[in-house]
Amino acid sequence: MKKKLPNLIPIPKSGIIKIVRTMKLALIIVFLSVLQVSANVYSQVTVNLDVQDKPIREVLKTIEQQSQVRFFYSDDLLVMSELIDVKADNKNIIGVLDDIFSKSPLTYKAYDNNLIVIAPRDLLQQKKVTGTVTAKDGTPLPGVNVVVTGTTMGTLTDAAGKYSIEVPQGSKSLTFSFIGMEAQEITIGTLTEINVTMLESAVGLEEVVVVGYGTIKKKDITGSVASLGREEIESRPILTFEDALKGRISGVQVRQTGGDLAGDFSISIRGVGSVNGTNDPLIVVDGVPLFSSDFSTINPKDIQSMDVLKDASATAIYGARAANGVIMITTKQGRKGELRLTLDVDLGFEQISKMYEVMSTEQQRLLFVEAFTNSGRSTAVYDDPTNPIWQIDTDWQEEGTQTAFRQNYNLGFGGGSENTNYSGSFSYLNREGTLKSTDFQQYSLRLNVSSQFNKYLKLSTNLTGSHQEENYADADSWGAVGYRGFLQNHSYTEPYDENGELTAVNTTAAPYFGSNSNPLIDLLLPTKTRNVNRILGNTKLDVTLLDGLVLSGNFGGDIVLRDGYAYNPVYSIGRFSRDQGDVTVNAAQQVNWVGDITLDYDKQFGAHNIKALAGFSVQQYKQTNTNTSGAGTIDNQLNQLSNQTDFGATGTDVTSGLVSYFGRAIYNYGDKYYLTGTVRYDGSSRFGADNRYGVFPSGSVAWRISEESFLQSIDILDDLKLRVGYGLTGNQDIGDFAFITKAGSAQYVFGNSVVVGNAPENIGNPNLKWESNVQFGVGIDLSLFKGRIYSSIDYYDKQSQDLLISTPIPLTAGVSVNPIVNLGSFQNTGVEFALNTRNIEGDFSWTTSFNISFNKNKVIDIGTNSLGEPLEIPGEQIPLAWAPANLTRAGQEAAGFYMYTWDGVWQLGEEAEAAAWDGPAQPGDPKYVDLNGNGIFDAGDKSFVGTPQPKYFGGMDNTFSYKNLSLSVFLEFAGGYKVYNTARNLLARSVPFVHNFAEVADFWTPENPSNVSRPSQGGYTTSQTNIVSTRWLEDGSYLKIKNIRLSYLLPAESIKGDFINSAKFTLTASNFFTFTKYTGLDPEASSRNDLLSQGLDFTPYPPTKLISLAIQVNF
Amino acid sequence: MNNNINIEKMKNIKYIIILSLFLTFGCENILEPPIQGAVALDDLLLTESGIITAVNGIYEQLLDQYQNVIVIDLELASDNAFTWRAETQYDIYNFDATLSNFQDIWTSHYTGITRANTVLDALESVEDYSSEEMKDAIEGQAKFLRAFYYFNLVRMFGGVPIIEHKVMGREDAEQPRASIEEVYVLIKSDLDDAITLLPTEYTGASGMEVGRPTTYAASALKAMVLLELEEWGNAAQAADAVIGNGALLANYADYFNGSNENSEGSLFEVQYGGTEGGTTSQISRYIKPPDFAGLGHPIPTDDIYNGGGGGLSSGNSFVQCFEPGDLRKSVTIANPDIPNFIDPTQLDGTMYFMNKFWNDVDPNLLSTYNFTLIRYADALLIRAEALNEVGYVADGEAFDLLNETRTTHGGLVALTSADLADQAAFRTAIRQERRVEFGFEVKRYFDLNRWGILEETIQAQMDISDPTGETVFPSENLISHPITGKDYFLYPVPNIEFINNAELGDQNPGYN
């Protein structure tokens, strides 16, 4: 921050002229212009003069001798030598000066501290310019620097975005600047009011990007780093900031993995490569690397910026944890100025964005009749359509869901004095679930303070605390829990009896065959709550040792406390009952602390710019978990652990740590040629003594071609930069103590008492080492037309090596865990493209940002089995079929879909072929392609039929603004991948045991030769429909209109009084339109995070569409 | 930049280096955090108390096997029970090498062997044995259990890989199949050692709790092994070492109802206890009738359907094999007064279910009743059978031994040479006696196999339930036992082993 101008100009008692010589007069005047001009001071000052033909200079000297007044003028002023006559007898000095200069081209100005400046008339004439600075959407921008161009004279806008500045005559223009915004130079001319709309700096070449242990100007970056500013983060009604990232940054894929209201996402940067380790990026919040990628507790409104470090040259500073990329999160910092308050109120309604179409009761009845007929069972009860039972048609999806109200209040504040800035917030979120009996609340609090004590010392502290409370429902799974329960239970039972109580059938006799429970019982009766408390923060001390050399100490911590309580009550409803209640209570604690010491050197020697960093870091994670369950109560009031009679408990306590040294050197010559080298030396407790340390180096070069003289003549080109990088990073997330053979518990009994037993749990591998990741990347950044077009394109080739693969050993080894060895390698190659344009500027403006990423994943080697055959690692088994849908095999993508190919059903006339192919097969039965052409149905008919990983994904945001109105439309897409719809595998196979999807109504009969397999209940036909095949594998490609946002800023003139500075209203519609062929609830619904079992939709907590109104008021 | 500043800078760097070094040394413990809740196995095996826990771990595999898999599958495979459920594979011998239960049995037994090997390899690492007896007992138990596990394996799968030391990596586990003879060499040697090493009784002190096998248990197991190998004289002799060092219980039910565990009538039991699922037995869940929320896996064979509705291998047999008045019948099987769900045309109470070990006291069917593996009765009947094979002696010692269980447990009259006139008649009687005495104690299948009569017995059952003759015993899976020369049925080695162990060798005949 700039010092107050007056302090910079010491007012000398004498010798003014000497000073004046060394300065441009105009500049001095500019400095002085902020001083108070006063006439009062001089009213008492009188002079006695009687001179003739003396130069003005001499006359003034005489006046100085008679009074305290000092004159201030430039020697260059020839007029000062002009000879004049003056006669004054105890005359007021002002009058005398008026006389002297009345006919002169010079004039004077008298200031408070007995200083009078003499200067050419036009220079000393000042005028006041006022105005308001707003963001593109009309929000006032406080803290914007307003400077008279070419000077350091300036001011800041206030909380309402208003400023007022005295501009010396002759000043040509004002420059407005703000971090993250394009600086603007506005010609003053005759204007006295200048209102400015700041535009985001598309190029942002001067913008600083947070990289590990420091910041770098964007133009100086040699690696692949993408940033998301506050604007973009705030522009969407987000619950978590994974959501904010989604579709915004090339190369970063965010997928909802289902689960709950708190949001459950997976983030992968540039593909995935680790089989047994994590594929999550490292998250660093204000310099604190988090223990896990779970950062759902952080209030999105607190985020200043997110910077994604994608390639090895950028991430290597985090060494052993950087293989999956790094996301740097910076929370908001205060800025100098008076207290500014921002109140955000978001109110909205959510609804399930899609429901499944299930059979009507009548359709299901007909399915029963056909299936039972085909399977030789009695259809008696099902034959009579007039039975009152068939008149019931309960829509369980409707019964179990609700329109949910969502409210979010956020109060942000910030400000600062000369040396200390502060910023903070308080936020409350209350979100009802769209599943009944679920809801979510979060309270969060933040305070960031930084203080510059003197030239040498700066201390800053960031602290965030949050508390979450959630009432949750069962997670997604195959069976009748979670949303599945609404689909799978038959529609011909009533949810409630005449008294409004939950009801259920009390017999399994026909027609209540199969799934006839009331899914509301499991949804509404149990109590399931969980809480998360988190404190995350750091304190950093910067000591400036010498110019350009800063020693920093940073200490940070992240404490996450989780607890949960679940009670399954005693009940008896129809044939469903629970005789005993049970309680489960769990608690988990994660304590993560980090201490860093860094020495940072930043200096320019002519055209040589050097930036160097050396550091040392220690980090420790401590994680404890306990889980206690008890059962036995028969009274629902007695729902605590102490009321139970049978208990079980588990607990763990794991500590791990890292000790690291790191260094980075960035050199550039003339902002043209760049060289970056990074190295980190990590020691980790996760490895045995022999492999404890790893070295992770990286290097990159960049060439700003646009700075070359031969391109200087091209006006439209702002920046053209070529980047090339290569480096090694690691993945240490392999679980703790995998290198030793552990004694596992193997309890036995003597005399009816349990005795401690132990047994080898694994075969320890003392040679385990880091997974490593070798990455080559090349990229081009281009900026044209003063940043109106900004584009960047990257290519990468990422080889994950020494992957930890669990290699199967014979069962004769006698341990349950296969040994883990470093042998696998995966490759991810890809292209990323980002384009930001300001298509139209002016009153009506239109900006576009677009990004798309292509990634190809390939398994190069995952080892061999004992026979020397390439290993194949199957994914999770799909229930019912008891076969996996995914298979990982060298030469293919990880977790490729490997299964039979559906070929419709056998039709009439194909009896002989069907029988030859598979004995009992007959018309109407499922038919699978005989890929190996051997005429029979066997395992050789399976093949790779698609990948669960999108071949491409991206997003596009268009924003249109006209005066106070702004409309933004955000599209998000992904394509070239498949999703295995397990819901259809269970509910669309023409087996009436469960309620079927509506699509089954077209089932095969001799009269209706469709391709929906013929109904059956048990036997060959049923087991053939269970098979994992392409019948249930669907194209997941989608295009979503993720978000449509309309904002209106109240015109300034309509705001009365000083209290409110601005108010903005935003109406948002999210997730209203999805274009996809996928028939499930959400094509992104991959229920599993495991690399080897991707793309399986187990019907997670349903995605919602949201309509919300946000009001933002600045005070 | 002037010199002063440079010096100042040097000073600062010195401090930083000192600080870094200090931090590094201060941080060593960060890289070697203590393991909580788990220990490195090698550290555990340095003390007597530690190695005792490793010995206890060897037994643990018995808990799982004898509440479900091995009991259910081998009783179904014998002529004692059939099933109405999906597990018909074992019942009608229609299975392949991928069936998970074989894998389960194989894995569990090798897990036990690995644990025994771990203890045996660590015997000399322990620095603080409290007594030589304790060390001997530890070694004796490990060898006894290793022999026990190998004996089950060799009887089910034939020659299996011999692993005698702890597995340090993939190579150690990839061993070829040994011959049946080689496996028996190891079993006998281990049992001979165990007989010498194990105490005659346990004090009850820690590590010496009652329920661990005594030298008599080892002798009885050896007698079982020798009987299997038809070394009649040796078997009789080994059994004789036990006889007189125990006694039959007056009440047959007391072996199985938790009231008299590890009694003088019992030599080795799977010890169930505690309150949790891991250490208790859920066998009742598998044997209870479906009407009582059980699974009713094995259902005693019964001729009430006359082959018409009982199930695939049901036939004349187990329910009828009890002589009238045999007190053991109502202990072994029961017919609760519930509808006959297999054949609703029959009267209520016509379905028999397994009753031995049934314990529904706990609402979650967590039973603490021990499962009997070797009883005093084994020694009696082994010696009786062996003596008869050595030579029939009218009303000789073999008669006394046979009659001891008949009269004491069954409440039946003693048999004499008038009833059993020759060796063959006595043989039939001893086979009958073994069947009723040891019903559902996982002995019948092994007996039928060692007698070489498995095929004829099972085929007879199949013929009753499937008069079309399409259900056929897979005689291609029989071998000629290399020691006894009898037809001997072998289960398939789990298929996955041939993929994960290139050294393994050939699958058992008839499974490819």
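Two strands count as paired if DSSP finds at least two bridges between them. In this predicted model, strand β37 (residues 742-745) of chain A and strand β1 (residues 39-40) of chain B meet that condition, pairing in the antiparallel sense over two bridges.

**Extent of the interface**

- The contact draws 60 residues from chain A and 71 residues from chain B, and the area buried between the two chains is about 5,400 Å², with carbon and sulfur atoms giving 65% of that area.
- Of the area that chain A buries against chain B, Y748(A), L811(A) and T812(A) supply 14%, which is more than any other three residues.
- The size of an interface is often expressed in this way, as the accessible area that is lost when the parts come together.

**Polar pairs and composition**

- Across the interface of chain A and chain B there are 14 residue pairs in polar contact, counted where both residues have pLDDT 80 or more.
- Strand β33 (residues 646-669) of chain A contributes 10 residues to the side of chain A that touches chain B, and this is the largest share.
- Sorted by class, that side of chain A consists of 34 nonpolar, 22 polar and four charged residues.
- Within the strand pairing between the chains, A743(A) stands opposite V39(B), a residue of β1(B).

**The salt bridge between the chains**

- The count between chain A and chain B is one salt bridge, and the side chains of R692(A) and E32(B) meet in a salt bridge at 2.8 Å, N to O.
- R692(A) lies in the loop between β34 (673-684) and β35 (693-704) of chain A, whereas E32(B) lies in the loop between α2 (28-31) and β1 of chain B, so the pair joins two chains.
- R692(A) is buried, because its relative accessible area of 7% falls under the 20% cut-off for that class.
- Side chains of opposite charge can pair in this manner when their charged atoms come close.

**Other salt bridges**

- Over all chains the count comes to 65 salt bridges.
- D781(A) forms a salt bridge with R723(A), the closest N and O atoms being 2.9 Å apart; this pair links distant parts of the chain, with D781(A) in strand β41 (residues 771-784) of chain A and R723(A) in strand β36 (residues 717-731) of chain A, 58 residues apart.
- Both D781(A) and R723(A) are buried.
- In chain B, salt bridges that share partners join D326(B), R328(B), K356(B), R375(B), E433(B), E437(B) and E441(B) into one network.
- The side chains of D220(A) and K219(A) also meet in a salt bridge, at 3.9 Å from N to O; D220(A) is buried with a relative accessible area of 14%, and K219(A) is buried with a relative accessible area of 10%.

**Chain B as a whole**

- The secondary structure of chain B comes to 21 helices and nine strands.
- Chain B has 512 residues, of which buried residues make up 60%.
- Among the contacts in chain B with a separation of 6 or more, residues 24 or more positions apart account for 70%.

Methods
Residues are numbered from 1 along each chain as its sequence is written. Chains are lettered from A and ligands numbered from 1 in the order in which they are written. Side-chain values use heavy atoms; hydrogens and water are left out. Contact means heavy atoms within 4.5 Å. Buried area is the accessible area (1.4 Å probe) that two parts lose on being put together, summed over both. A salt bridge is a side-chain nitrogen of Lys or Arg within 4 Å of a carboxyl oxygen of Asp or Glu. A polar contact is a pair of N or O atoms within 3.5 Å; within protein, one must be able to donate a hydrogen and the other to accept it, and residues adjacent in sequence count only if both atoms are side-chain atoms. Helices (H or I, at least four residues) and strands (E, at least two) are DSSP runs, numbered from the N terminus. Ala, Val, Leu, Ile, Met, Phe, Trp, Tyr, Cys and Pro count as nonpolar, Asp, Glu, Lys and Arg as charged, and the others, Gly among them, as polar. Buried means under 20% relative accessible area, exposed over 50%, partly exposed in between (1.4 Å probe, protein chains only).
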